[in-house]
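Please keep the sequence and the structure in view while reading.

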Amino acid sequence: MTADMRWRSVIGLEVHVQLSTASKMFCRCEARFGAPPNTLICPVCTSQPGTLPTLNGEALRLGVLAGLALGCTIDPSTKFDRKNYFYPDLPKGYQISQFDRPLCRDGHFKFSTEEGEPREVNIVRAHLEEDSGKIIHPEGVNFSLVDLNRAGTPLLEIVSGPDLHSPDEAMAYLQELRRTLRYAGVADCDMEKGGFRCDANISIMPVDSDTLGTRTETKNLNSFRFVAGALQAEIERQAAVLESGGTVIQETMAYDPDTGKTSVLRSKEDAHDYRYFPEPDLPEFRVDPAWVAELSAGLPELPRARQTRYAVDLGLNKRDADTLVAEKELGDYFEATLEFTKKPKETANWLLTELLRLSNDRKLPIHELNTTPARLAELVNLVASGGVSIQAGRLLATAMEEQPGQSAEQLAQSMDLVQLSDDGALRQIVEQVIESESSVVERYRSGNVGLLNALLGSVMKASRGKANPKAARQLLLDTLDS
Amino acid sequence: MLSATSIAARVRSGEFDPQDVTEEAIARLQERDLEVHAYLDPDIERARQLADRVAETLRRGDDPGRLAGVPISLKDNMAVHGATLTAGSKILEGYRAPYDSFVAQRLIAEGAVLLGRTNLDEFAMGASTENSAYGPTRNPWDTDRVPGGSSGGSAAAVAAGIVPVALGSETGGSIRQPAALCGITGFKPTFGSVSRRGLVAFGSSLDVIGPLAAHAQDAALVYDVIAGHDPADATTWTGTRPSATTEKADLEGLRIGIPEEFLDEAVDSRVLESVSTAIKTLEEGGAITKVIPKGALPSMHHSIPVYYLVACSEASSNLARFDGMHFGPTSESKDTLDLLARYCATRADLFGPEVRRRIALGTFALSAGYADAWYKKSLSVRRLILNEFTALFGDYDLLAGPTSPFGAFKIGERSQDAYSMYLCDLLTAPACLAGLPSVSVPCGLARKGTYKGLPVGLSLTGPAGQDHRVLAAARAFEAIRGTPERSPIHGDDA
């Protein structure tokens, strides 16, 4: 019996998301990843004596949007607080954060497990705060370096309730959270650049119990894989402790992806007393409910709603709906094409095969391809109307991307890909085949109806693949049975 | 020495050469500062460059501004790009500000000549300037005595006649108390009317920058220049702001209350005597004065503990950045790679004892388990104090009383007893907690007793946002009483 079967795990996640603002939270320095160290800094974000913070309104707007996307309540006024602790990546010696009155609170957020089971987590709170700088520990020297480019970058900390019960569920929640925030346009959640970081609170209890166990917090999980690994490792560690008669201690853990194990970072006794108090440099401020309502009305359709619509209203299969919704740009492209085709399944097929292939081959995002939604629609419509075969359509897709000046039909003509569907040319070929394959025709007529396919093959061959198979089949039947 | 108002007028009219005015001020500084030690850095080159700029502006025929050629000294806790910014502390020794404070920008834009960096209690924590890591400033009235603090350097520079105006900062009394002890005018504006950008933070919800001047008119002029909305300080207020310079200086019909709480038993009797005379002067000017029986400000007696809790709590956080990691010197007393040990060594070695005491006090007051009883409780009492003042301003235009319970005391007299030093703020801390505008104007010298021959200050406090009326009353008072007495070091020079 594995630990999963004897123990029920209770997981709550704290996610730090970097908001997509052009400048930092409390100064006007550029907020950008990858610049040379300490080039995006000023007296404010390096905390020179006498400097004061001023709030970046865009960070506030994105924070409200995120809260709305997570179903949170946005109170009409809020404030900032100072969280005090010493560390070299925190030049002020305190972080400006929000303590008792977060910007967003009491949200309800729906997602589905991998198996498609619907779930809901409570979003306890989501609050604004500033990021710290970064410490670099060069090898083989007895000093460390501090890069303050990141110091003061706006973050939204999203705290879930203890509502998740397995690493898989936690992953599904994080995936839905990530794509929701991307849809809402508040964050790009780029994990490689530290734009989406997670701390996990975990406790376990016997499956037949309803008393919560002691929880630990595992810090700084900066990839989905690490979150899954850390949760599994910590659940197993706690199970082993309890099964050997020990007790779980409330402490802060770190996860080592190389060993796949968690270890103690600091004990409860060493827990910080952050001495929160209201930030005196930033007075309480109003968040106008009318403005919030306006932002709410402007929220785009969120991925979960879009996915349901694709599956239920448009009749797409789950896999295609999932793929189309995974990235907002893809879904947007799909919808734009659909405007011209009104054929959801065909459009999804061509988009997910040929267009993604082109995008991959050319290493371009889809919206930078020559093939715009209108041009993709030409192709989808041409194939659907029988103008070209599916095989020919694939050739045509590449040609259309290479020759953006030519319409799908012009290219089909010039490449000699137009299917023979009309009576005249096709009838001639059918009659030829019936004449030249007289023995087969005779056996067919004497009851071996399976031979129709052999005759159809000959028609296709004689047309050098250009015959519309559906039309050719009908014509063969008509001619043979007459 | 001439007033800032008349220096600016004569420079603008071409009667005075700004470079000459500056050289004279430099000469006074070099001579008189040997006795008072008002300055941490005379910063003479900057003064000469600024004077050249004013001269150049005049040559072009442009307006050099309302403070053209006026030498003004700044307390060494206000940033001037490239100048020292020690805040009176070893922990900022050698540090140069990488940007200009809002007030420096405003002054320079109006043609002021910034001259020197004045001494202060370390991080503005003190009431005598003895807590400076660079030695105490002496009172120009008696160099064995303190000038008050924490803006003691600025007060002494003005009282010694080196400059007509200096800027100070106040958290609990640090402009008005040294002004009183040095016989000059000191004005603490309404919280939020002058930007704190570039002021080394002590108690952020209390800190205000204001002028110290030989003449009330000059305090008004400089206030008009430095007040105003600053988008970079979210606590500054927007909206119109009447001029303190042109506001009619008239006491006629002004209702002035004297709360009995201001006449505390701790107040020296000879100080009270001078203040009583001053109140008669106010009446001569047409003011209607009335002693308000005890009970109108019932929470005022909590001011000292509440002030120290709020200011020290904020200071414990504000001073966290001085960790030896990002700027300023690092203590080398511990040769260790242990992070905590390095933090501790730098902060133990480079902060002075009073600063360390206040950081410890503030850290305690904010700690888990104690914050409710100390920090949060003090915020509630602070609100009560504000409400009580607001209620009084329904019946009175201004409140009057002594600025300081006593006159300039001897160097060393109170420095060994923190609580007796904290009592210096007894009468100034309430207006700070309530964020009110308040001025201290010289009202003569004590005639007898411990402070015989030393200046006494009258305090006039108004409702929030009425800075112009408080300063107009100070101007009117000075007009009736005549030019304030000058310190022996200042002498009679014109």
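C189(A) is buried, as 20 other C-beta atoms lie within 10 Å. The model described here is predicted.

- Phi of C189(A) is near 50°, which is a positive value in a residue other than glycine.
- Most residues other than glycine have a negative phi, and most peptide bonds are trans.
- L181(A) is found in helix 3 of chain A, and its contacts beyond four places in sequence include C189(A).
- L181(A) is buried, with 27 other C-beta atoms within 10 Å.
- L181(A) and L65(A) are 116 residues apart in sequence, yet their C-alpha atoms are 8.9 Å apart in space.

**Helix 3 of chain A**

- Helix 3 of chain A covers residues 167–183, and at 1.5 Å a residue its 17 residues should span 24 Å.
- The end C-alpha atoms of helix 3 of chain A are 24 Å apart, which agrees with that expectation.
- Of the 17 residues of helix 3 of chain A, 13 are buried, so this helix is largely enclosed by the rest of the structure.
- Just after helix 3 of chain A, G185(A) takes a positive phi of about 75°.

**Packing of helix 3 against helix 4 in chain A**

- The axes of helix 3 of chain A and helix 4 (residues 224–243) of chain A come within 9 Å and cross at roughly 155°.
- Helix 3 of chain A is therefore roughly antiparallel to helix 4 of chain A.
- The crossing of these two helices of chain A is right-handed.
- From helix 3 of chain A, P167(A), A170(A), M171(A) and L174(A) meet F224(A), V227(A), A228(A), L231(A) and Q232(A) of helix 4 of chain A.
- By class, this contact has eight nonpolar residues, one polar residue and no charged residues.

**D106(A) in strand 6**

- D106(A) is found in strand 6 (residues 104–112) of chain A.
- D106(A) has a positive phi of about 55°, although it is not a glycine.
- D106(A) is partly exposed, with 16 other C-beta atoms within 10 Å.

**Contact between the chains**

- In the contact between the chains, 25 residues of chain A meet 36 residues of chain B.
- The side of chain A that touches chain B has 12 nonpolar, eight polar and five charged residues.

**Features of chain B**

- Helix 2 (residues 18–36) of chain B and helix 3 (residues 44–60) of chain B pack at an angle of about 160°, with their axes 8 Å apart.
- Helix 2 of chain B is therefore roughly antiparallel to helix 3 of chain B.
- The crossing of helix 2 of chain B and helix 3 of chain B is right-handed.
- P18(B), Q19(B), T22(B) and I26(B) in helix 2 of chain B meet residues in helix 3 of chain B, among them I44(B), A47(B), R48(B) and D52(B).
- By class, the contact of these two helices of chain B has seven nonpolar, two polar and two charged residues.
- G149(B) and S150(B) are joined by a cis peptide bond, with omega at about 10°.
- S150(B) is found in the loop between strand 3 (113–118) and helix 5 (152–159) of chain B.

Definitions and conventions
Residues numbered from 1 in each chain as written. Chains lettered and ligands numbered in written order. Predicted model: local features only at pLDDT ≥ 70, side-chain atom pairs only at ≥ 80, totals over all residues. Helix = DSSP H or I, 4+ residues; strand = E, 2+ residues; numbered from the N terminus. Expected span 1.5 Å × (residues − 1). Buried ≥ 20, exposed ≤ 12 C-beta atoms within 10 Å, placed from the backbone. Axes fitted to C-alpha atoms, helices over the stretch in contact; angles between N-to-C directions. Parallel < 35°, antiparallel > 145°, perpendicular 65-115°, else oblique. Left-handed = near helix turned anticlockwise from the far one by under 90°. Contact = placed C-beta atoms within 7 Å. Nonpolar A, V, L, I, M, F, W, Y, C, P; charged D, E, K, R; others polar.
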